[in-house]
Amino acid sequence: MKPLRPFDRLLRARRRVLVHRRPLAALAASGAVLAVLQAASPPPPTTVAVLTASRDLPGGAVVRSQDLELTRLPPGTAPESALSDPSAVSGRTLAAPLAKGEIVTEARTIGRSLLAGYPGRTAVPIRVSDPAVVGLLRVGDVVTLVGADPEGRDPSTTIAADVSVIAIPREGGEVFGTATPGRLVVIAVPRLMATEVAARSMTDFLTIVWNR
């Protein structure tokens, strides 16, 4: 085969460029349009992660990791006390019922250390019917819990005696899942009595009597 002269090589290269010029131009144009669209698109919205309940949780329940999920919300829409670290909540006791999807805050949980001085006891949240009575309570008070039938059919009864007040959550916001009015108090009761006390707190009007 006769070798190509320099002029023939140049002519062949020019032909190749002409053949591929249109596809290359179209590809370059597509890249330019994509770059412009990306530059014009707004950045993804900034969000913050907070813990929410993955299911309805009753007051007095011990929170487990499967009871929680991370939910992303726009900044400024979650309470300042909202929690985001599951390890900081897991193992704590709920001071009040928590509905599915509701944000978990510091005020809704009772720290593990609250029961450190009460071996064999469980933290149970109750609602004392008269908020003014709760205003007289102090953490550490030893009281007797008295329940009354809301319909007045049965006489008042002692539900638990010599129980200690271990927390008085701050007032604020509606608490879901309660059938009786009043203000929340957390008491330390013997473990075998915890279920009965929690159940009575949902049906009876409760008050307390100071022991000492």
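Asp162 counts as partly exposed, at 44% relative accessibility, where buried means under 20% relative accessible area, exposed over 50%, and partly exposed in between, with a 1.4 Å probe and protein chains only. Asp162 is found in strand 7, and its phi is near 55°, a positive value in a residue other than glycine. Strands here are DSSP runs of E of at least two residues, and helices are runs of H or I of at least four, both numbered from the N terminus.

Before I go on, please keep in mind that this is a predicted model, in which local features need pLDDT of at least 70 and side-chain atom pairs count only at pLDDT 80 or more, while totals for chains, interfaces and linings use all residues. Residues are numbered from 1 along each chain as its sequence is written, and side-chain values use heavy atoms, with hydrogens and water left out.

Let me turn to the nonpolar cores, meaning sets of buried Ala, Val, Leu, Ile, Met, Phe, Trp, Tyr and Cys residues joined through side-chain atoms within 4.5 Å. The largest has 19 residues, of which Ile126, Leu145, Val185, Ile187 and Val197 touch the most other members. Among the elements that give two or more residues to this core are strand 5 (121-128), helix 3 (131-136), strand 8 (183-190) and helix 4 (194-203), although strand 7 gives the most, with four residues. If we take contact as heavy atoms within 4.5 Å and leave aside residues up to four places away in sequence, Val185 touches Val124, Pro125, Ile126, Val128, Val134, Leu137, Val165, Ala167 and Pro169.

Which charged side chains pair up? With a salt bridge taken as a side-chain nitrogen of Lys or Arg within 4 Å of a carboxyl oxygen of Asp or Glu, the count comes to five. One of these joins Asp67 and Arg55, at 3.0 Å from N to O, and this pair links distant parts of the chain, 12 residues apart, with both partners in the loop between strand 1 (48-53) and strand 2 (68-73). Asp67 is buried, at a relative accessible area of 1%, whereas Arg55 is partly exposed at 37%. Asp67 also meets Arg64, at 3.5 Å from N to O, and Arg64 is partly exposed, with a relative accessible area of 40%.

Elsewhere, Asp204 and Arg200 meet in a salt bridge of 2.7 Å, N to O, in which Asp204 counts as buried at 10% relative accessibility and Arg200 as partly exposed at 21%. Salt bridges that share partners join Arg55, Arg64 and Asp67 into one network.
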